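Take a look at the structure below.

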Amino acid sequence: MKQCWNAALAAGALALSVSAQAAPPTPEMISFSCAGCHGTNGGSAGLSMPSLASQSKTAIIDAMKKFKSGERPSTVMGRLAKGYTDADFEAMGNFFSRQKFHPTAQAVDKAKVAKGSDLQEANCSRCHLDDGKDGKDDTPVMASQWLTYLQMQMDLYQSGKRKMPEKMAEKVKPLSKEDLDALLHFYASVNK
Amino acid sequence: MTLDRRNFIKILGSASGVALAGCAGAPSISSGSAGEIMAKTGRRVVVIGGGYGGSIAAKYVRMLDSSIEVVMVERNKQFISCPFSNFYIAGITSDMNALTINYDKLAANHGIKMVYAEVSAIDPAAKTVVTSAGTLTYDRLIVSPGIDFRTEEIEGYNAQTPDIFPHAWKAGAQSTLLRNQLQSMKDGGTVIMSMPLTPYRCPPGPYERSCLIAHYLKQHKPKSKLILLDANPDVVSKKPLFTKAWSTYYKDNFQYIGAKKVTQVNVAGKSVSIEGVEDFKGDVINLIPPQRAANIVVAAGLVGDDKKWCPVDAVSFQSTKHPGIHVIGDATALPSEGPPMPKSGYSANAQAKVCAQNVVNLMNGKEPVEFSGINVCYSALNEHESVSVANVYAVKGGKIISVPNSGGISPADFSQTKAEHVYAASWLRNILTEMST
Ligand SMILES: Cc1cc2nc3c(=O)[nH]c(=O)nc-3n(C[C@H](O)[C@H](O)[C@H](O)COP(=O)(O)OP(=O)(O)OC[C@H]3O[C@@H](n4cnc5c(N)ncnc54)[C@H](O)[C@@H]3O)c2cc1C
């Protein structure tokens, strides 16, 4: 394509419209448009839109596929995801997973953070690695994620609208509402 | 159209390609014309307007190629967002702080040079912009100036009319005026809203405003009513959602009437007239006049045969009137197939990024990249419920299309309205942060 473009330039074949010679959208072009809601390069200014920066690539691709199929409930992402192909999802996953971690300074309850910190070790750390900073495979990064978002998603899990991974459900089920809220305060507070 | 070499270079812009800059003889411009604000040393993009489109275009040009100098010209030191101004008008929020940004961090973070001045002329041949602070030379110009009003289509409308019948379609003093009029209106009064034929800025905006004003009246002036006069024959945006909201929440104090185009105002008599056959009297009249691209682009000859909107290329947003000038945001007439991208803040944001990418590519002699963009508009129905319209856009055969089988409006059962209300507030915060950092 690059060759064609240069050739077009050289031949002076360029009319006022440049659309005829354009290359397909790059990963950047596809992903820039998400920033109006998720923040520049996926670093959300909050208070509820989730950050995508440094998210695990697989987690993003998985989320987009599930939004598209309707398996994962959403307010708006399902309608948007239907406008993209698997190759686009791959491009988005590549783009956002390469952005640097977006630390947030949120209003969290200190007592809940301390309680959550104790609870996560035994219950969540097997998958949500390194205080939720490390998103491995399909497990999303949770450190510094916006608390309101985490709470809204936990509500969807608890109501059965969003399906929990089985092994996660085993850990989540025995915990009280207060325990879970403490865990979310903890993850939201991790910012280094 | 055959192009000789000089025309060809004119079309591309003198610094459009590294290779071409050489053959064009790279004239030195540093000598500077009288009144030049800052001499151009390297390659320069000038951006006119620091609103939803312009601020993002300036930022992304710098993010994508920091060797290009970017100068942004904006008349105001602070920008006040129209999105969410309806909350303020309806007394749900008490001030406009959350709507107001400045450019200090944006300029510092990205090395954007700010010029706070009024642009009075664009000279496409000389590639200069004339401002109240002096002139600026550019290699490529990006213009995102928003809208002005076609008040000449309303008989009796003069420069003072908006002081009595506010439009509040540009946020700031106008929003405060409408808010104050609503608050000082006696209970039992009638509010008239009048909205123009499409296309106009923010298709769902008048309907959102009608919901929020009706909400205000219901709570604070229960004997009052609101009448929305729509010049369009029917609701043009999110129809099932707004009609449901009106009939569910506001059936006692709100009336929608389609095909009522206001053609005349009677300021002294506090009324508006529809084609001289029917008058509507109001204690408060919110008259939103028909619109066109902002005055500066009309004066610069960037508007099309309709004399209203600026035709552009669907990929680079380059004007089809003047090469080297790109127009984005509300001011554009986009080549479209199917329903066009709405004139919204989100659209302007998305277009700014595509435009920035392609301006950078053109200046570096690289092939342009096709459009991929999103528009989402949230609209509030009251103080705790919102709905949205969302679409993904792409280019097909030189035209912008909404990707088939995607997008659409929120579910009509209102099952998501509370969650969307929460996310909508976060949208505003994110998009304004994007524009100001
Ligand atoms: C009530 C209301 C609610 C809305 N709600 C939403 C919403 O929820 N979501 C959404 O996406 N959109 C919404 N919009 C639409 C949105 O405000 C516009 O689509 C958006 O502002 C367009 O961006 P723009 O860059 O084209 O113009 P603007 O944002 O208006 O920016 C133009 C800038 O150019 C400057 N300028 C113009 N001429 C000159 C000159 N000659 N010299 C110097 N500076 C100049 C102006 O000062 C201004 O800062 C709403 C609009 C209204 C009125």
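Which residues of helix α9 (residues 239-249) of chain B are buried? They are Leu241(B), Phe242(B), Ala245(B) and Trp246(B). These four lie on the same side of α9(B), because they cover an arc of only 130 degrees around the axis. An α-helix has 3.6 residues a turn, so residues three or four places apart point the same way.

Keep in mind that this is a predicted model.

What do the buried residues of α9(B) pack against? One partner is a helix of chain B, α8 (205-220). The others are strands of that chain: β12 (225-230), β13 (254-257), β22 (372-380), β23 (386-396) and β25 (408-409).

**Backbone details**

Now turn to the backbone. Two peptide bonds are cis, and two residues have a positive phi. The table lists them.

| Feature | Residues | Angle |
|---|---|---|
| cis peptide bond | Gly46(A) and Leu47(A) | omega about 0 degrees |
| cis peptide bond | Thr198(B) to Pro199(B) | omega near -5 degrees |
| positive phi | Asp130(A) | phi about 50 degrees |
| positive phi | Phe84(B) | phi near 80 degrees |

Where do these residues sit? Leu47(A) is in the loop between α3 (35-38) and α4 (57-69) of chain A. Pro199(B) is also in a loop, between β11 (190-195) and α8 of chain B. That α8 is the helix that the buried residues of α9(B) pack against.

Asp130(A) is not a glycine, yet its phi is positive. It belongs to helix α8 (residues 129-132) of chain A. Phe84(B) is likewise a residue other than glycine. Its place is the loop between β3 (78-80) and α4 (85-89) of chain B. Is Phe84(B) buried or exposed? It counts as buried, because its relative accessibility is 18% and the cut-off is under 20%.

**A buried glutamine**

Gln291(B) is part of strand β18 (residues 291-293) of chain B. Its relative accessible area is 0%, so Gln291(B) is buried. What lies 3.3 Å from a polar atom of its side chain? The backbone oxygen of Pro289(B) does.

Which residues does Gln291(B) touch, leaving aside those up to four places away in sequence? Ile147(B), Asp148(B), Phe149(B) and Arg150(B) are among them.

How values were computed
Residues numbered from 1 in each chain as written. Chains lettered and ligands numbered in written order. Predicted model: local features only at pLDDT ≥ 70, side-chain atom pairs only at ≥ 80, totals over all residues. Heavy atoms only, no water. Buried < 20%, exposed > 50% of the residue type's maximum accessible area, 1.4 Å probe, protein only. Helix = DSSP H or I, 4+ residues; strand = E, 2+ residues; numbered from the N terminus. Arc of directions from axis to C-beta. Contact = heavy atoms within 4.5 Å. Polar contact = N/O pair within 3.5 Å; in protein donor to acceptor, adjacent residues only side chain to side chain.
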